[in-house]
Amino acid sequence: MKLSICTISFRHHLLSIDHIADWAKEHHFDGIELWGVHAKNLADNPAYGEAWIKDKGLYISMISDYLPLELDTDRMLEETMKLSKLAKRWGTHKIRTFAGKKGSAETTSEERADLVHALRTVCCYLDAEGQQAIVETHPGTLTDSLESTIQLMEEVDHPALKVNFDVLHIWESGADPAEALRKLQPYTAHFHLKNITAKKHLGVFAPHNVYAAAGSREGMTPLAKGAIDYERFLRLLSHDAEASLEWFGPNVKEVLEMDGVMVREGIFAV
């Protein structure tokens, strides 16, 4: 497996991209998942890009951002083009986004059709650039359940649309991650790995909380100590799978280092 850390884990830290990259390499990670706002803020510095990250012995596995699928086509494509350019600069073909801003049950058939059309339009553009749109399985979007995710992939019906399989959010939806993997495998291009001590704490991952510096982190826990059986799940992944440790809690370096060892070496006894 190719394993990355996410720069979003350091969103409230005063650390440079140089420091993060050096630390990632020192601790045997393969790559970095670059948060979109970080990529945008580095855009004016020509020193940073694909050549720089390769010199560090790493690669950018994915740029994670939020395409404005609800905007009119011209403005949506304008933002898509900007992200596409950034992805090229960093040498990655994967651009992560969310499938709308409402859960599947709250989305009308007309709204769903509009989102399907928007995603297909984005995919047509990215495909011509050799890139992919990666929709993350996430509550409050059209990929909030296994059934709706599969339906969305079939509706868009474009080879440039792929899935970022967030194991925790799949589990949160009530699906068994192993069974979901079997069904989503043909569409999956990336995995997010994180855990929680109990379902009652899942609200900590709500965007308004998780992005807040003073937000609650109750229930966030390393992979081996949570409610999801990662020892079982990781055995199902192929050797060429690409995944990121998406840690939002405290003690970032300590947890990432520990989880990295556990994923690479399969050491889950605690």
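Modeller: Ground rule: a polar contact is a pair of N or O atoms within 3.5 Å; within protein, one must be able to donate a hydrogen and the other to accept it, and residues adjacent in sequence count only if both atoms are side-chain atoms. This is a predicted model, where local features need pLDDT of at least 70, side-chain atom pairs count only at pLDDT 80 or more, and totals for chains, interfaces and linings use all residues. Numbering runs from 1 along each chain as its sequence is written, and side-chain values use heavy atoms, with hydrogens and water left out.

Colleague: Which backbone oxygen does the side chain of Arg120 reach?

Modeller: Arg120 sits in helix α5, residues 109-128 (helices are DSSP runs of H or I, at least four residues, numbered from the N terminus). Beyond its neighbours within four places in sequence, Arg120 is in contact (heavy atoms within 4.5 Å) with Glu155 and Val156. Its side chain comes to 3.0 Å from the backbone oxygen of Val156.

Colleague: Is Arg120 buried, partly exposed or exposed?

Modeller: Buried means under 20% relative accessible area and exposed over 50%, with partly exposed in between (1.4 Å probe, protein chains only). Arg120 has 31% relative accessibility, so it counts as partly exposed.

Colleague: And which residue caps the N-terminal end of α4?

Modeller: Helix α4 covers residues 73-90. At its N-terminal end, a side-chain oxygen lies 3.2 Å from the backbone nitrogen of Asp74, and that oxygen belongs to Asp72.

Colleague: What follows α4?

Modeller: Look for a positive phi, near 75°. The residue is Gly91.

Definitions and conventions: Helix = DSSP H or I, 4+ residues; strand = E, 2+ residues; numbered from the N terminus. Expected span 1.5 Å × (residues − 1).
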